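Work through the exercises below with the structure open. Each task is followed by a solution in steps.

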Amino acid sequence: MAPISSLVIMRLVAYPLLVLALASCQSSSFLDRKTNFGGEVQVYPTGLFLGPRAELELNERDSVHARAAVHFADRGSAGEHDDEQGSGWGGGLGYRRWLDTYGKDWSVGGRLDLWRLSLDWRDNSPTRSGNTDVTVLVPSVEGGYSWPMDGGGRVDLNLGLGYEFNLDTDGADVGQGAILMFGVSFSGGTRGIRRLHERHNERMRERIIAPEESRDTVSMLGLY
């Protein structure tokens with residue numbers, strides 16, 4: 001199989017985030033659109049993902065989301081060798097459906113991630129070591145619970161089950177297989193930004209009106 005270049009991976013990671021950003025900005029009512037931007041951490045028994053995420057509501061119960069992330073792996077002897085560890089980057093797209101209403105209580109969904117990892121590996125018998133660059137595709141299903149916050153933000157806890165497929169391997173074979181993931185994310189909505197903007201305008205109006213009222217009072221006292 002032909003290798004997948006870093007440029008291709010960068011496009012696959014960047015384009016979903018760009019599409020969601022453009023979708024939220026395409027009309028003059030940007031701040032009224034139900035979008036969320038924030039960060040996400042997802043851990044599994046032999047590693048973790050960390051990076052920004054973006055989400056766009058489709059209707060009252062459905063949304064699509066994208067993420068870009070740094071991937072740290074410490075597989076130990078769980079791979080093809082006695083020790084495998086390294087890091088990389090990537091991201092992906094996902095879909096989520098809430099059982100109640102958007103952003104509240106229980107949800108189910110799926111995700112497709114693509115990672116480019118550089119893994120150092122070592123074998124004890126016979127003693128040998130090396131490095132492998134690998135492109136990994138991870139389809140997964142997930143379920144979770146969401147807590148809406150004042151101002152449009154939200155905290156999510158998610159549990160996912162996926163499978164790692166090594167699409168392209170440059171070096172010795174490394175591990176692949178089933179993966180169980182636990183994630184937590186925090187995101188702030190554009191509606192929250194709009195509320196902060198409205199509160200700021202209210203404070204500014206109060207500051208302008210208050211001196212005028214004081215001057216009117218003094219004038220009236222002087223007149224009488």
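**Exercise 1: Leu161 and its surroundings**

Find which residues Leu161 touches, not counting residues up to four places away in sequence.

Solution. Contact means heavy atoms within 4.5 Å. By that rule Leu161 touches Pro139, Ser140, Val141, Ile179, Leu180 and Met181. Strands (E, at least two residues) are DSSP runs, numbered from the N terminus.

The model is predicted: local features need pLDDT of at least 70, side-chain atom pairs count only at pLDDT 80 or more, and totals for chains, interfaces and linings use all residues. Residues are numbered from 1 along each chain as its sequence is written, and side-chain values use heavy atoms, with hydrogens and water left out.

**Exercise 2: the largest nonpolar core**

State how many residues the largest nonpolar core has.

Solution. Such a core is a set of buried (under 20% relative accessible area, 1.4 Å probe, protein chains only) Ala, Val, Leu, Ile, Met, Phe, Trp, Tyr and Cys residues joined through side-chain atoms within 4.5 Å. The largest has 14 residues, and Leu119 is among those with the most contacts inside it. Two or more residues come from each of β3, β5, β6 and β8. The largest share, 4 residues, is from β5.

**Exercise 3: Phe182**

Decide whether Phe182 counts as buried, partly exposed or exposed.

Solution. Phe182 lies in strand β8. Partly exposed covers the range between buried and exposed (over 50%). Phe182 counts as partly exposed because its relative accessibility is 41%.
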